[in-house]
Structure formats: C-alpha cells, structure tokens
Protein chains: 2
Amino acid sequence: MLDKFFNPKSVAIVGASRQKGKVGYEILKSMIEAGFSGKIFPVNPQSDTIENIKCYPDLTSIGQSPDLVVIVVPAKAVANVMQECANLGVKAVVIITAGFKEVGEEGRKLEQQVIQIARQAGIRVIGPNCLGLIVPKNKLNASFGGTLPVVGSIGYLSQSGALLAAILDMANANGIGFSKLVSIGNKADVDELDIIDALAEDDDTKVIAGYLENITDGNTFVGHAERISQKKPILLMKAGVSAAGAKAASSHTGSLAGSETAYEAVFERAGVIRCLSLNAQFDFAQGFAYQPLPKGNSVAVITNAGGAGIMAADAIEKLHLTFAKLSDETKHRLAEKLPPAANFHNPIDVLGDALADRYEFALDIALDDPNVNSVLILLTPQAMTDAEGTAKVLVDVVKRKPGKPVFASFLGAEKVVRANAILREGKIPNYDSPEAAALTIKVMTEYVRWRARPKRIVRLFPVNRHKVETIVERHLRQGVGQIGEAESKEILEAYGFVTPKDAIANTAEQAVNIAEQIGYPVVLKIWSPDIIHKSDVGGVRVGLETSQEVMDAFDLMMFRIPKKVPNAKILGVLVQTMCSRGKELILGMHRDPHFGPLMMFGMGGTMVEVMQDVSFYLAPLTAEEAKQMLVSTRTYKLLIGARGQQGVDIDVVAEALQRLSQLVTEFPEIQEMDINPFMVGPQGTTPVAVDARIRVEKLK
Amino acid sequence: MLDKFFNPKSVAIVGASRQKGKVGYEILKSMIEAGFSGKIFPVNPQSDTIENIKCYPDLTSIGQSPDLVVIVVPAKAVANVMQECANLGVKAVVIITAGFKEVGEEGRKLEQQVIQIARQAGIRVIGPNCLGLIVPKNKLNASFGGTLPVVGSIGYLSQSGALLAAILDMANANGIGFSKLVSIGNKADVDELDIIDALAEDDDTKVIAGYLENITDGNTFVGHAERISQKKPILLMKAGVSAAGAKAASSHTGSLAGSETAYEAVFERAGVIRCLSLNAQFDFAQGFAYQPLPKGNSVAVITNAGGAGIMAADAIEKLHLTFAKLSDETKHRLAEKLPPAANFHNPIDVLGDALADRYEFALDIALDDPNVNSVLILLTPQAMTDAEGTAKVLVDVVKRKPGKPVFASFLGAEKVVRANAILREGKIPNYDSPEAAALTIKVMTEYVRWRARPKRIVRLFPVNRHKVETIVERHLRQGVGQIGEAESKEILEAYGFVTPKDAIANTAEQAVNIAEQIGYPVVLKIWSPDIIHKSDVGGVRVGLETSQEVMDAFDLMMFRIPKKVPNAKILGVLVQTMCSRGKELILGMHRDPHFGPLMMFGMGGTMVEVMQDVSFYLAPLTAEEAKQMLVSTRTYKLLIGARGQQGVDIDVVAEALQRLSQLVTEFPEIQEMDINPFMVGPQGTTPVAVDARIRVEKLK
C-alpha cells in the first residue's frame with residue numbers, strides 16, 4: 001500500500017542544498033552515504049550539481065516521474081511543488097518542512113491547501129514536519145536522522161522526529177536493526193494506522209514499535225490493531241498521560257475513567273503492548289525480534305553469582321512469573337556435569353569460577369527440561385570469567401536447540417562489551433539488568449496469553465429496545481440530559497435487569513396491599529425527609545413475610561417514631577421488595593471521546609472513588625471479557641466467597657455487564673451511567689439494580 | 001574505627017602468588033597497579049620475589065606488624081595465619097578465601113575457629129568469602145574486583161562479591177567515583193552496620209550505598225541508620241524478597257505482614273532509600289553525590305524536543321512531583337532571549353535547532369525563578385544540535401549558580417557520548433531516560449521530606465500494666481498461647497481501650513437488668529449456635545432505649561424465632577452496648593523476628609485480606625507516625641468524611657494506635673494481635689474495640 005515509499009526506484013529531493021548543516025543537504029548526503037541503488041534527483045534551481053550529482057531546476061525537468069519525492073523547501077513553497085507532483089503523476093511524497101499545523105492557524109491553512117492538492121491527485125503524503133523515512137534493506141535513508149541503521153526486523157514509527165533521532169543513535173550504538181523507520185510528523189495524510197497496517201503486511205517486519213502522542217481514529221485503530229496483534233506484536237509508547245486533567249463528570253464511572261484508562265482498555269483489548277519508556281520498548285522489541293515466544297510462564301535461571309540469581313528470583317516473583325521447578329532428570333544431569341558445590345536447583349548456580357563449558361552444559365540441559373519455558377542467563381565478570389567464550393557457546397546451543405526463548409543479562413560494562421556484541425549477533429537479547437530481562441519475559445508471556453484468548457463472541461440478548469428509544473428520545477427532545485431514577489430503572493428493566501419494586505403506604509392496610517402485590521418478603525422503611533439514619537430510630541424492619549408482620553411493623557413505626565423524633569415530618573412508610581442479603585457492586589459506562597463506551601465494574605456503594613477497586617474494558621463485551629473485568633478487581637475474591645462466606649453467581653454478574661454493554665452499544669446517545677448499588681446475593685437469587693443514573697446527549 | 005582497613009601504611013598479602021589468574025596473584029597485581037604508596041609485603045614460602053617485590057616466607061619474617069593483612073591461603077590454613085596475626089599484634093585482616101560458612105557445617109566450624117582467635121586478639125576481620133576492599137583516594141586496591149575506580153564520594157558495601165565486580169566494571173566505564181568499596185562476604189566479624197557506621201564518620205563519603213541480602217541485627221540497624229540518614233543518604237538494594245514465603249499466622253496482621261513489609265517499614269522509619277535495581281541505585285547515588293538537595297518538589301524542564309518534554313511531564317505527574325509554574329518575570333526573560341516559536345512555559349522548549357546559547361539562557365533564567373526547585377535538561381541529538389557545547393555551558397551555569405539541583409538526560413548514544421563525559425566531569429548527573437531522571441528527583445525530594453520530619457516523641461500513657469502482666473503470665477505458665485476474647489478485652493481496657501459490655505439473658509427481666517447495668521441504648525441479639533444470619537430471622541434489634549423496648553424485643557424474639565427456625569437450639573439473648581454507627585477499622589501488630597513489633601492499621605471487618613488496604617510502621621509510634629499510618633491508606637479518605645459524610649476524630653484513632661504500640665512495646669511476649677473491628681463513630685463518640693485476638697509466647 002505504501003510501497004512507493006518503502007521501495008522506490010527513484011527519489012527526488014526538492015530543496016536539496018549544497019550547504020552543509022542545511023536539511024536539504026543532510027538528506028541528500030544521507031541518501032548518498034546509505035548507498036541507495038536507485039536514481040537520486042536533487043532539485044534546486046540554483047545549482048547544477050550537488051555532491052557530483054546532476055541537479056534539476058524543477059521536478060518537470062527530470063523528464064520522468066520519480067517514485068518518491070522528498071520536499072524540504074520552505075512551507076509557503078510546498079503547495080507549488082505538490083501541484084507539480086500532481087501534474088507529473090507522482091504518488092508518494094514526504095514533506096520534511098515544518099511550519100504547518102504545529103505553528104498555528106496560518107500553518108493549518110497551508111497544510112490543508114497542500115493536502116487538498118494531494119487528495120485530488122491521489123498522492124499519499126508523509127508529514128509535514130517530520131524527519132523522513134528509512135528502509136535499511138533498500139539502503140534508503142530519506143531522512144536527516146543520522147546514519148543508516150543495520151537491517152533488522154523491527155518496524156518503527158514515531159510522532160516525534162527529535163526522539164527518532166535519539167532512537168536511531170541508540171540503536172546504531174547497540175547494533176539494533178530495523179526493517180523500516182518512519183517519522184509521521186503532523187500526520188496530515190498518512191497516519192499511525194496507515195504505517196501500522198503497512199508494517200503488518202510487510203514480510204521484513206516481525207515487530208511493530210512506535211512512539212505516539214495521540215491516536216487519530218480511535219475506533220478504527222482498535223479494530224486494526226486487534227487483528228494485527230494476532231500476527232505480530234505491536235509495542236507502543238504512548239506519551240502525554242498528563243493530558244487526563246480535570247473533567248466534569250456526573251457519574252462515578254465518569255470521574256474514575258481518565259483518558260489513560262481508555263488507552264489501557266484499548267491496548268488490552270487490541271493486544272497492544274504498552275511501553276512506559278523507550279528503554280523498555282527496545283528491551284521488549286529485542287525479545288520479540290530475536291527469540292521465539294515462550295509456551296508458558298516458567299523461567300529457569302543460570303548464574304555465576306548468587307546475588308544476581310536472587311535479583312532475578314525477586315523480579316520473577318514480583319512479576320508473577322513462575323520459577324521453573326526442574327525435573328529430577330535435569331538435576332541428575334546437572335549434577336553429572338557441574339562441580340558438587342554448584343546449585344542444581346533453580347537458579348542453577350554454576351559458581352564464580354565457571355568457564356564457558358559449565359554455562360554450555362547448564363543451558364543445554366535446562367532447554368531439555370519440559371518444565372522450563374524460557375531460560376535467563378546471568379553473568380558477572382569475575383576473576384576467572386570468560387565472558388566472550390561463554391557468549392559464543394550460548395549462541396551455539398541456542399542455534400542447536402531452538403524453540404524456547406533464551407535471554408541474557410551480562411552485568412558490567414567494558415568486561416562484557418565484546419560478549420554482548422557476540423550475543424547480539426547470535427540473536428540472544430541481552431539486558432542491562434536481571435529485572436529488565438524478567439520484565440521482557442513477562443511481556444512476551446502476556447502476549448502469548450492474549451493471542452490464545454478465545455474468539456470474541458458478543459452475545460445479543462432479547463431486549464425491549466423500543467421502550468428505551470421512547471425514553472431517550474423524549475429526554476433529548478426536551479433537552480434534559482439526566483434521566484431520573486424511575487425512568488433509568490425502566491430502561492434497565494427493558495434490558496433484562498430487575499429493579500426493586502416499592503410504593504409508599506399511609507395505612508397498615510395499604511402497606512399489606514402493596515406487599516401482596518410486590519410479593520413477600522418485604523422491607524418497611526419510614527419515609528421522612530427529616531430522618532437520615534432510619535434504623536437508629538427503629539425506622540427499618542426487614543424480612544417481613546406475612547400480612548400480620550407488615551401490619552404490626554407499620555403500626556409500631558407510626559406509634560414509636562413520632563415519640564422519638566417529634567419534629568420529623570413523616571410522609572408514610574415505604575414498602576419495598578426485600579433484596580437478598582448481598583454485596584454492593586457498581587456497573588457503569590463512560591463514553592470516551594476517542595474510543596467509545598468504556599465499561600466499569602467494581603465495588604459499589606458510596607465509597608467507589610475512595611476504594612477505587614474498579615476495572616475498565618471497552619464495550620461491546622464478550623462473556624470472557626466481562627468475567628475478566630470481575631477477576632481483575634480485589635472485590636472478586638469477596639464475590640467468590642472469601643473466608644468461608646457463601647459466594648455469588650459470577651456468571652449472573654458477568655451477564656449483567658454484557659447486558660449493560662449491549663444497552664450502551666445500541667444507544668450511543670448514552671454518555672455515562674452508573675448502576676450503584678447493583679445488589680448481588682448468593683447463588684440462585686436474582687441481583688437487583690437498586691439505583692441508577694443515566695446521562696444522554698444528542699449525537700453530533 | 002576501621003581506619004587500619006581504609007588507611008593502612010603497610011599491607012601484607014598472605015598467599016600471594018606468581019601464577020596469573022590465581023587470586024593471590026590478582027590481588028598483588030591490583031595493589032601494585034593502583035600505585036599504593038605504602039609498603040606491600042607478599043607472603044609465600046615458595047617464592048623469593050613476586051613482580052619484583054621481595055616475598056616473605058611468613059608474616060613473622062617481615063620484621064614488623066603490617067597495618068592490614070589480606071589472607072588468600074586455602075580455608076584450612078587460615079586459622080594458622082590468624083594466629084600469627086594475633087602474635088604479631090595485627091589489628092585488621094581481610095579474608096578473601098572462600099570455603100567457610102557458605103559451604104556447610106564443616107566450613108562453619110572453621111569460620112568459628114578463625115573468628116575466635118581474632119576476637120581474643122582484638123583483630124577486626126572483613127570476610128571471609130569476599131572480594132576485598134578498595135579505597136581509591138589512598139590508591140588501595142586490596143581486591144580482585146578489577147581496576148581502581150576514580151575518586152568520588154560514594155561509599156559502597158556489598159554482600160555479593162560477584163556483583164561488586166560487575167558494579168566496578170560499570171562504574172569504571174561511566175567514570176563514577178567512590179570513596180570506599182567493601183565486599184563484606186560472610187560478615188563473620190565486620191558486618192554491614194560496622195561499614196555503614198564507618199562510612200557515616202568518613203569525611204570523604206557523601207553517599208552510602210550498598211547491596212544486602214539480609215541484615216544481621218535488625219534493632220540496632222534501625223537506630224544507627226536513622227541517626228546516619230539525618231546526615232547522609234543511605235541507598236540500599238535489599239535482594240531476596242521471595243524469602244517471604246508461606247507462614248502460619250493466626251491474625252490478619254500476621255498474614256499480611258511479610259518480611260518485605262518489615263523491610264519497607266524499617267527503611268521508611270530509618271530514612272533509608274530503597275533501590276529496586278542496581279541501575280536505579282547508581283542513578284540515585286549520582287544525584288545525591290553531585291548535586292545539592294532540592295528545597296521542594298517543583299521541577300522545571302528544558303528540552304529541544306517536544307516528545308522528550310512530554311515524557312518528562314508524564315513521569316513528573318506519575319511520581320506526584322510538581323511541574324513548576326514559571327513566574328511572569330521568568331516567562332518575560334525567556335521571551336527576550338529565545339525565538340518566538342519557543343515555549344516559555346514549562347517545559348521550556350528551546351526548539352530543535354537550539355545551539356548551546358539557548359540552553360544557557362534557559363537554565364540561567366530557570367534557576368533564578370523562586371518557583372523552581374530543580375531543573376531537568378533534556379536533549380536529543382538533532383541535525384543542528386551541539387551536544388558538547390551545550391554540556392559545557394550547562395556545567396558553567398551550574399558552577400556559577402549553585403544551590404538548586406540540575407539533572408540532565410541527553411538521549412542517544414554515540415552522538416552524546418562526549419557531551420555525557422563533560423556533564424559527568426562537571427558533576428551534572430546524566431540519565432539515560434527522562435523517567436530515570438525524574439525518579440531521582442523524586443527520591444531526593446522524599447529524602448528531604450524525611451529529614452525535615454518532626455522530632456520523634458513517643459507519648460507514654462498511664463496504663464494498668466500489672467493487670468496485663470497477670471493475664472500474660474498465667475497464659476504463659478499454662479502454655480496457652482492464644483488469649484481468649486474476654487481476657488484480650490481486659491488487656492485492652494487496661495491500656496485505655498473501651499470494649500463493648502454484654503451478657504446473656506434468659507428472661508425479659510434479666511435482659512432489662514443487664515441493660516440497666518451496661519447503660520442504654522442496647523442491642524439484643526438472639527444467641528444460638530444454629531442461627532448464622534441473625535437478622536434474617538428477626539434476631540437482631542438495635543437502638544433499644546427503655547426497659548419496655550427491651551422487654552418487648554426479648555419476648556417477640558423468643559416467640560417468633562422458634563416458629564421460623566424450629567430446630568435451632570436457643571441459648572438466650574445477648575444484651576450488648578450499642579456501638580455508635582461507625583466505621584470498621586483494624587488495628588494490629590505482628591512481631592517481626594528481625595525488627596520487632598510491626599504495627600498495622602487499615603480497613604477492618606472480615607474482608608481485611610481481600611481489601612488489603614492496610615499500612616505498617618515500626619513500634620513504638622509517635623503521634624505523627626500514627627497519623628501517617630492512617631493517611632497512607634485509602635480508608636483515610638473515608639475517615640475524614642468522603643462525599644459529604646461526617647468524618648471521625650482522626651486524633652482519637654491515632655491515639656489508639658499509640659496505646660497499642662505502647663502495649664506491644666511493654667510486652668514483648670505479645671507475638672501478634674488484632675483489634676478487629678475497631679469501631680469508630682463520629683466526632684465526640686468513643687471508639688470501641690469490638691473484638692480482639694492476642695497471641696503470646698515465652699521469651700527466649
């Protein structure tokens with residue numbers, strides 16, 4: 001799709017310059033030094049040749065249409081060049097020039113103008129305000145980012161050109177290779193998704209990585225990323241978390257759902273691996289690029305230093321990976337080959353005086369153990385240590401026994417620098433700490449778990465959609481955003497929720513009548529604006545099962561309470577379905593402006609914000625996802641019955657989340673809502689949506 | 001105290017060898033290459049000279065008592081050498097040799113024997129099983145760890161020799177300097193605390209850092225470390241978290257308090273800065289060693305790349321540092337000096353084409369702003385960037401304007417390598433990511449906060465200590481570890497806690513009598529082993545205020561409940577003080593085997609383990625610390641009255657924690673205890689210890 005960008009046979013540089021330090025010179029020099037085998041056409045009316053290459057006054061004079069045009073002329077001149085590209089039938093343009101949208105209104109108009117010409121002529125544009133693009137395999141360096149990196153399998157895109165320059169420099173120093181590097185700049189036409197799609201189709205790219213500050217089209221991104229992650233890992237560093245900021249929200253869910261929450265939910269759903277720093281990103285990228293995926297989460301550690309082994313063990317425990325339990329056969333074989341003072345359990349300690357051979361035996365044997373899914377090799381440079389020799393034998397063993405991923409952390413600097421180069425060439429990723437290595441193993445394991453998730457099937461429940469339409473439309477017509485409790489409950493009932501039935505009684509006979517209608521057992525609650533703590537004054541009676549009990553309770557309240565609280569205005573007694581003794585949960589939704597409905601589940605009640613025991617996921621939810629939302633809260637332990645208490649029916653709660661998900665998916669007018677508390681009793685009882693708030697908004 | 005180790009005029013190496021690769025050779029070579037100016041005496045009966053230095057057959061033949069003796073002979077020969085040291089009046093010995101306690105029982109005996117000789121002769125011993133010691137300033141490298149590092153102000157101790165070798169290698173590659181480096185090995189005599197004490201007194205040491213796997217004497221450690229941290233920061237990497245393991249505990253507190261919790265509490269109390277990796281440790285150490293402490297937590301960022309600025313802003317927000325709000329004057333001055341497209345707000349963006357001058361202006365101006373406590377400077381190597389020139393001017397500005405700490409993160413590798421060296425020489429710490437720099441600023445800010453904490457004053461409450469003695473002693477005499485609920489409450493009452501009064505009534509008249517005695521209002525609860533959910537069967541009546549209400553309630557229960565639950569055996573009705581409507585908290589203590597009583601506070605009830613909203617701190621508690629324990633839970637928001645609810649009296653809860661702290665400090669026999677729930681009502685009410693468990697053990 002972006003083939004003209006990545007694989008051009010001819011490249012024109014409009015604005016090429018003779019003057020060192022100028023971008024127009026740096027790009028031409030980068031192209032030449034990279035050894036590009038196609039044709040290079042510098043374009044500049046003021047020069048005949050630059051760096052001994054014939055220079056053209058304009059694109060038309062070249063006499064052919066270049067596959068790729070790189071533009072470095074000042075912002076105001078770009079539109080004219082684009083028009084020339086359109087006339088010549090050029091299909092791929094990179095605009096390096098800055099001074100567009102990023103500088104304000106005038107620049108925004110210039111950018112619009114340029115892109116309009118491009119769209120009409122079917123030209124795809126990368127940039128403006130970018131660093132360019134690099135394809136090491138094709139010796140194409142149409143950038144001013146630095147030296148051509150080595151060929152590798154990481155495809156990288158960056159929304160920040162300046163960072164890409166630093167990344168290139170770091171990668172070159174560490175011999176990290178790339179398939180493609182693209183600086184996407186202002187994303188006026190080609191955006192992050194276009195590049196990710198292209199890298200997904202690209203056979204040379206094994207890992208997609210990128211630095212982003214925002215995502216242009218949230219919904220489309222989720223769909224594409226989810227499909228692509230199934231094939232290739234996507235590692236993104238998303239900066240700009242502080243953008244969350246303050247936000248007016250009328251629901252618990254809204255107040256807890258920042259933009260960060262949305263990104264996390266989106267990345268989890270789409271299998272995208274979030275990187276919290278560039279260092280972590282390259283740690284992960286090397287793991288994915290060099291090694292096979294682990295089949296499980298058990299790790300064997302081989303070390304020549306007890307301390308390093310403990311550090312790895314700590315990291316493995318903290319990350320909830322498993323410390324592999326070595327088989328008896330493995331221990332037996334290790335004992336045969338290693339000195340008696342060595343440790344044959346995990347971590348396998350080959351001792352401080354270990355030469356390469358002990359590492360070789362240990363890795364060879366560990367890889368054979370069916371209980372081991374991946375191996376982490378640690379080395380500190382001690383007096384006897386042969387770091388280079390060890391690196392060589394490790395590379396050999398890994399080549400001989402592929403299938404399980406092997407990671408290394410050779411600690412130190414000068415003393416391991418050559419060993420590290422050998423490991424890198426042998427495709428064993430090497431980390432500057434045991435912690436960084438363990439985190440990479442964790443991330444790869446999580447990716448495997450994500451890929452193995454069941455197929456997403458969203459269940460559709462039979463509901464009364466028409467009823468909800470009526471309520472929502474009336475509110476929108478009347479300009480009332482907040483739907484009241486009574487109608488909120490009607491909406492929920494239409495989607496299969498049970499809400500408590502109740503009515504106010506003024507006499508004991510009325511109370512009995514209501515109870516007969518809504519069904520026993522019932523609760524009686526004194527109804528007075530002046531009494532806040534009803535049970536303190538004997539104003540709550542639960543579990544009333546007969547008409548006699550209802551009558552007695554009613555009369556006792558009416559008799560006693562006025563004596564206790566003489567000034568309270570008593571409006572009657574509320575007769576209400578008795579909710580089974582249950583746990584107070586919250587189900588909610590907040591519609592993220594970029595990614596749509598974000599479902600929330602957690603511990604309910606008035607303390608939702610205080611306890612913050614909630615989980616988020618993008619709607620529509622599958623049964624699996626709904627269940628996962630439950631599992632990822634602390635409240636879950638309480639639901640399944642901690643400390644001998646009876647548990648609740650998890651599937652029933654998960655179904656409620658799915659029904660809510662269906663409601664908010666079918667009604668995009670619903671902006672945010674809470675069901676709080678959602679009261680859930682023991683197995684066999686029906687949960688009740690005790691209270692609910694829904695806010696709707698006209699669709700734009 | 002350890003002066004003979006750090007500043008010897010003569011060093012003997014017993015077991016020095018001519019054979020390359022042997023430890024006895026490597027140490028001698030290290031001594032010579034370091035350029036040690038004192039006398040070196042190789043001791044080996046098989047050689048006349050080694051490396052052109054006269055070699056002695058034994059220590060006695062030297063004819064003088066060396067200040068420091070380094071022993072590298074085989075383990076079995078060490079005792080004889082030690083005896084010789086004793087005879088010669090040697091006072092400082094480093095035993096490099098391995099094969100002692102770490103290899104099992106036989107080695108342990110050898111070690112005991114050696115140490116016994118040393119103790120009798122007043123010899124201090126570092127090791128055995130260690131890498132040696134290094135003092136760069138004195139050109140003393142009595143180790144086989146590698147080249148002598150440069151002189152600096154970091155004092156380092158390591159329980160792992162192998163890690164120290166890696167650390168040395170990394171430090172040498174990065175030009176990080178040390179005052180002293182000590183490998184403490186098996187800690188047979190000199191332990192971590194001896195070294196920390198010595199480094200505290202050492203004028204050349206500004207920062208104490210170390211790698212530890214355990215702490216020998218927990219109680220003493222806390223006291224010393226707390227005193228020392230007030231003068232110099234102590235940065236420790238404590239490995240071995242997985243040791244927590246499974247542990248039988250009869251209290252909530254015990255089951256939540258792992259050994260990790262104890263270390264965290266100890267480090268917090270003593271101001272020790274915990275490092276989660278060696279990289280983090282050196283990041284922090286450089287900050288403390290090179291720069292002054294920040295006076296507050298507001299940070300200004302200067303960058304030539306928007307993306308890097310965003311990464312720093314994200315990190316600053318996540319770490320709860322403050323993004324400095326620049327004064328109008330600062331913005332005005334920046335606008336005068338920088339191009340109009342630059343950003344004069346924080347982060348100050350000097351733009352991608354910035355040369356050194358813009359960085360110079362920006363730093364100079366930022367340091368003048370009273371709203372700025374520290375400055376973080378970011379640079380990515382772009383086409384125009386002059387990394388070296390920038391580093392130079394930054395160093396100049398920092399020299400000219402000391403007082404506020406300045407940190408740098410020059411991203412990239414080859415293109416910034418020389419700039420990084422300039423920064424290092426100019427004592428500006430440089431970090432490989434904005435995140436690492438921000439974390440260092442955070443850690444330094446927290447250290448400043450710790451140092452400024454109020455003086456620790458532990459309040460002593462008047463209590464009935466004798467009563468508790470009686471109960472505890474009887475239990476210990478009878479071999480009963482678990483103190484029952486009734487006596488646990490008596491103990492608490494003796495320390496000023498209020499517990500609910502109650503008694504079982506069998507008739508309505510008895511119920512009224514009990515109520516009159518304990519005082520209205522009361523609660524009635526049906527008392528039957530067969531009824532679990534009492535309120536479901538009408539078995540709970542709260543807020544009874546008159547004898548009439550008590551009688552009615554009693555009779556109704558006795559009349560109705562047998563009809564509802566015919567088979568339940570009813571033992572009477574419990575009449576109990578009505579606890580004010582309150583919040584259920586937990587107060588507890590678990591005695592850590594190393595560090596003593598660890599207090600716990602948190603949300604109570606049966607779900608303590610599920611919610612895990614608890615905080616720990618070492619007893620005895622000051623009022624400040626008790627309050628801090630409350631503040632550091634989520635429950636705190638609930639206590640101070642979230643969402644319009646009435647708050648509780650925080651001081652009353654803090655006092656209860658202090659009283660409990662006094663109890664467990666005065667009774668070391670108390671191994672663990674819970675007060676759960678500790679019921680706390682609104683301001684003005686007295687909290688009630690509703691239930692309690694105490695376990696005691698004979699002191700060893």
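The structure is a predicted model. Two packed helices are described by the angle between their axes and by the distance between the axes. For helix α3 (residues 75-88) of chain B and helix α4 (residues 105-121) of chain B, the angle is about 5 degrees and the axes lie 9 Å apart. On the α3(B) side, the contact is made by A75(B), K76(B), V78(B), A79(B), M82(B), Q83(B) and A86(B). These residues meet E106(B), L110(B), Q113(B), V114(B), I117(B), A118(B) and A121(B) of α4(B). Sorted by class, the contact of α3(B) with α4(B) comprises 10 nonpolar, two polar and two charged residues.

Helix α14 (residues 387-400) of chain A packs against helix α15 (residues 417-425) of chain A at an angle of about 10 degrees, and their axes are 8 Å apart. This angle is also under the 35-degree cut-off, so α14(A) and α15(A) are roughly parallel to each other. From α14(A), the contact involves A387(A), E388(A), A391(A), K392(A), L394(A) and V395(A). The residues contributed by α15(A) are R418(A), A419(A), I422(A) and L423(A). Seven residues of the contact of α14(A) with α15(A) are nonpolar and three are charged, while no polar residue takes part.

The relation between the two chains was then considered. Chain B is superposed on chain A by a rotation of 180 degrees with 0.1 Å of shift along the rotation axis, at an RMSD of 0.4 Å. The two copies are thus related as by a two-fold rotation axis. Among the residues of chain B, M611(B) comes closest to this axis, with its C-alpha at 4.2 Å. The same surface serves both copies, as 99% of the contact residues of chain B recur in chain A.

A search of the whole structure finds 70 salt bridges over all chains. One of them crosses between the chains: the side chains of K564(A) and E549(B) meet with an N to O distance of 3.7 Å. K564(A) lies in helix α20 (residues 547-564) of chain A, and E549(B) lies in helix α20 (residues 547-564) of chain B. With a relative accessible area of 32%, K564(A) is partly exposed. E549(B), by contrast, is buried, its relative accessible area being 12%.

Other salt bridges are found within chain A. D364(A) pairs with R400(A), and the closest N and O atoms are 2.5 Å apart. Because D364(A) lies in helix α13 (residues 356-368) of chain A and R400(A) in helix α14 of chain A, the pair ties together parts that are 36 residues apart in sequence. D364(A) counts as buried, at 14% relative accessibility. A salt bridge also joins D328(A) to K331(A), with 3.9 Å between the closest N and O atoms. Both residues belong to helix α12 (residues 328-337) of chain A, where D328(A) and K331(A) are three residues apart, about one turn of the helix. D328(A) has a relative accessibility of 62% and therefore counts as exposed. K331(A) has a relative accessibility of 19% and so counts as buried, the cut-off being under 20%.

N676(A) is located in strand β28 (residues 670-680) of chain A. At 12% relative accessibility, N676(A) counts as buried. Apart from neighbours within four places in sequence, N676(A) is in contact with H252(A), L585(A), I586(A), G604(A), G605(A), V608(A) and D691(A).

In chain B, G152(B) is part of strand β10 (residues 151-158). Its relative accessibility is 18%, so G152(B) counts as buried. When residues up to four places away in sequence are not counted, G152(B) touches G177(B), F178(B), S179(B) and D204(B). K180(B) is 28 residues from G152(B) in sequence, and the C-alpha atoms of the two residues are 8.7 Å apart in space.

Technical notes. Residues numbered from 1 in each chain as written. Chains lettered and ligands numbered in written order. Predicted model: local features only at pLDDT ≥ 70, side-chain atom pairs only at ≥ 80, totals over all residues. Heavy atoms only, no water. Axes fitted to C-alpha atoms, helices over the stretch in contact; angles between N-to-C directions. Helix = DSSP H or I, 4+ residues; strand = E, 2+ residues; numbered from the N terminus. Parallel < 35°, antiparallel > 145°, perpendicular 65-115°, else oblique. Contact = heavy atoms within 4.5 Å. Nonpolar A, V, L, I, M, F, W, Y, C, P; charged D, E, K, R; others polar. Least-squares fit on C-alpha atoms with pLDDT ≥ 70 in both. Salt bridge = Lys/Arg side-chain N within 4 Å of Asp/Glu carboxyl O. Buried < 20%, exposed > 50% of the residue type's maximum accessible area, 1.4 Å probe, protein only.
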